[in-house]
Amino acid sequence: MEILKIGASLEEWREVALRLTNERLESVCDEVGLECPPRLSEAMRYALLAPGKRFRPLLVFLGAGATGGVFSNARLEDTLLAACAIEMIHTYSLIHDDLPSMDDDDLRRGRPTCHKKFDEATAILAGDALQTLAFETILKITPSRATRCGRILSRAAGAFGMVGGQMDDVAFREEARRPILPLGILHGLFEDLSREFQEVRSNVLLNSSFDVDLVPLESMQDRKTGALIAAALMMGATVGDATEEQIFRLGLFGQYLGLMFQITDDLLDATSTVEEMGKQVQKDDDKGKITWPARLGLEPSRRYVQTLRELAIAETPGELFANREALSQLLDYVCERKK
């Protein structure tokens, strides 16, 4: 089944990814409701089906289609499974991030946060359930692809990635150093990719930091935000049967994209309203957290986003990525997003 052709626009990819992912998540929530305690299933449904961009599922679709080719029924099914799994992980992280012991937020996507709608215990359990459901979903992917996808997601979501980044956000470490997510996520699985190539591309990232004093901030955000973004693209490339070089480069692309996303998020938090964002704004400054506008100012932060855009483009040469245009449009979307 060919759902999108080479040259399709980002908006065409977004429409397909949003529609198919939402339909599948609805079905998953219906199945969960048949077997688990009603209040738990209600909380899971409330959080998972909340209005949202489905940004990470879109990245899975883009990764799966980045090298061209046709979406067979099996490839489409694996893409959908990977997209749903990463959205479950993302949603669980938002539930826990909003808790009083973490960021203590009352509003998410224009609605009360999960612990406000239900209660703290139910919210914690809903997050736990979505995390385990994500890995149950990964195991349904075609076996030849499932192992790599599982390793990508578990590494990105856990102590080396998102959870580690959340810990650094809670207790900021000035000595933190940036991770190289593709190497960390898939250590030992790039058997056909030379160590020299990996080191050259990784050193470009390590030398791209805005300033040595900002490396700890970049490290935290590489893990907290960038890890799942990189993982989404890499999982998509995996189910799209991409080469090791393509998967590795998309991981680095995702790492630059993740930092772009977080910087623009900080900029929006500093300049937007609650009505525009659908969540509390300027809360990081109120809590004394370290943000890009606070460290650099608004205009230098915007310039750094453009620098990261160029670094990301360099990881997707046209001879390797048939759908490079959609990836370029994705970078423009992040640079220009309003919420």
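A residue counts as buried when its relative accessible area is under 20%, exposed when it is over 50%, and partly exposed in between. Keep that in mind as you explore this predicted model.

**Stop 1: arginine 54.** Select arginine 54 in the loop between helix 2 (38–48) and helix 3. Its relative accessibility is 4%, so arginine 54 counts as buried. Now check the backbone: phi is near 55° here, a positive value in a residue other than glycine.

Stop 2: Move to aspartate 104, in the loop between helix 4 and strand 1. Aspartate 104 also has a positive phi, about 55°, although it is not a glycine. Is aspartate 104 buried or partly exposed? At 40% relative accessibility, it counts as partly exposed.

In this loop, between helix 4 (73–97) and strand 1 (107–108), you will also find methionine 102. Methionine 102 is partly exposed, at 32% relative accessibility.

**Stop 3: threonine 316.** Next, pick threonine 316 in the loop between helix 16 and helix 17. Threonine 316 has a relative accessible area of 0%, so it is buried. Leaving aside residues up to four places away in sequence, threonine 316 touches Leu250, Phe253, Phe321, Arg324 and Leu327.

**Stop 4: helix 17.** Finish by selecting residues 324–336, the 13 residues of helix 17. From first C-alpha to last, helix 17 reaches 19 Å, close to the expected 18 Å. Its buried residues include Leu327, Leu330, Leu331 and Val334.

Notes. Residues are numbered from 1 along each chain as its sequence is written. This is a predicted model: local features need pLDDT of at least 70, side-chain atom pairs count only at pLDDT 80 or more; totals for chains, interfaces and linings use all residues. Side-chain values use heavy atoms; hydrogens and water are left out. Helices (H or I, at least four residues) and strands (E, at least two) are DSSP runs, numbered from the N terminus. Buried means under 20% relative accessible area, exposed over 50%, partly exposed in between (1.4 Å probe, protein chains only). The expected span of a helix is 1.5 Å times one less than its number of residues. Contact means heavy atoms within 4.5 Å.
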